[in-house]
Amino acid sequence: MLKAWKWYQHCLSSHPVKTQIVSSGTLWGIGDIGAQYITHSTATSLLPKSQNEGAEFKINWKRVAITSMFGFGFVGPVGHFWYEGLDKFIRLRFLLQPKSPRFVATKVAADGIIFGPFDLFVFFTYMGFSTGKNVAQVKEDVKRDFLPALILEGGVWPIFQVVNFRYVPVRYQLLYVNVFCLIDSAFLSWIEQQKNAPWKQWFTSFQPLKERGGEV
């Protein structure tokens, strides 16, 4: 384990962007496998025992590849420059003491208001187009999945980021984020695979009546 850590440190120092791209893509792929397993287990648990016995879990490698590409193409490079740039911007623009309560709170707020929603929007849009859906279908998917994911992640992710911005050196903040992206990628993939699950309808019930066709 120590050798692996030193090897990662060396890669991060020599090729920071490439290292984050590879690690992000790998972790998002693993996370999608976890999401597929969770979805399979949930579905089979609802089946009669006679049918459940023959329900073997098979990995959808095409979906794993698609999700991994999101990590390779977006999370790795964009995440690298976002966290490096965010730290510099907060320090130089607001002249706040690094790791102070105001410094950490400002970074958490900026991350949650700017990068969080943007990341979710890109993910659901990308997943829709990559599976062959048209613009109208992708728009419906984003409308269906974006708000539930944003609300559920918004209640948990800021806690992780407080720890990240307060205690983790800037150099390793991306590694910290990537580790939790293993869980986050599984969660987002699970959200996307849930399609029109009944629990998602609860979130849409808060839309204005005008958007819901004037229903009372």
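**Figure 1. Gly154 in helix α6 of the predicted model**. Gly154 counts as partly exposed at 43% relative accessibility (buried is under 20% relative accessible area, exposed over 50%, partly exposed in between; 1.4 Å probe, protein chains only). Its C-alpha atom is separated by 9.6 Å from that of Ile113, 41 residues apart along the chain. Helices are DSSP runs of H or I with at least four residues, numbered from the N terminus.

**Figure 2. Lining of the largest pocket**. The space in this pocket is about 350 Å³. A pocket is an open set of points on a 1 Å grid over the protein atoms alone, where a 1.4 Å probe fits, with protein on both sides within 12 Å along at least five of seven lines; lining residues have an atom within 4 Å of a point. The volume is the space filled by probe spheres set on the points, which are joined across faces, edges and corners. Among the 27 lining residues, Asp111, Phe115, Gly116, Asp119 and Trp157 are the closest to the centre. Helix α5 contributes the largest share, 7 residues.

**Figure 3. Nonpolar surface patch of Ile30, Leu182 and Ile183**. The patch covers about 260 Å² (residues with over 30% relative accessible area and no salt bridge, nonpolar side chains of Val, Leu, Ile, Met, Phe, Trp or Tyr being joined within 5 Å and like charges within 9 Å). A salt bridge is a side-chain nitrogen of Lys or Arg within 4 Å of a carboxyl oxygen of Asp or Glu. Accessible areas come from the Shrake-Rupley method with a 1.4 Å probe, and for residues only the protein chains shown count as cover. Leu182 lies in helix α8.

**Notes.** Residues are numbered from 1 along each chain as its sequence is written, and side-chain values use heavy atoms, without hydrogens and water. In this predicted model, local features need pLDDT of at least 70 and side-chain atom pairs count only at pLDDT 80 or more, whereas totals for chains, interfaces and linings use all residues.

Terms used:
Helices (H or I, at least four residues) and strands (E, at least two) are DSSP runs, numbered from the N terminus.
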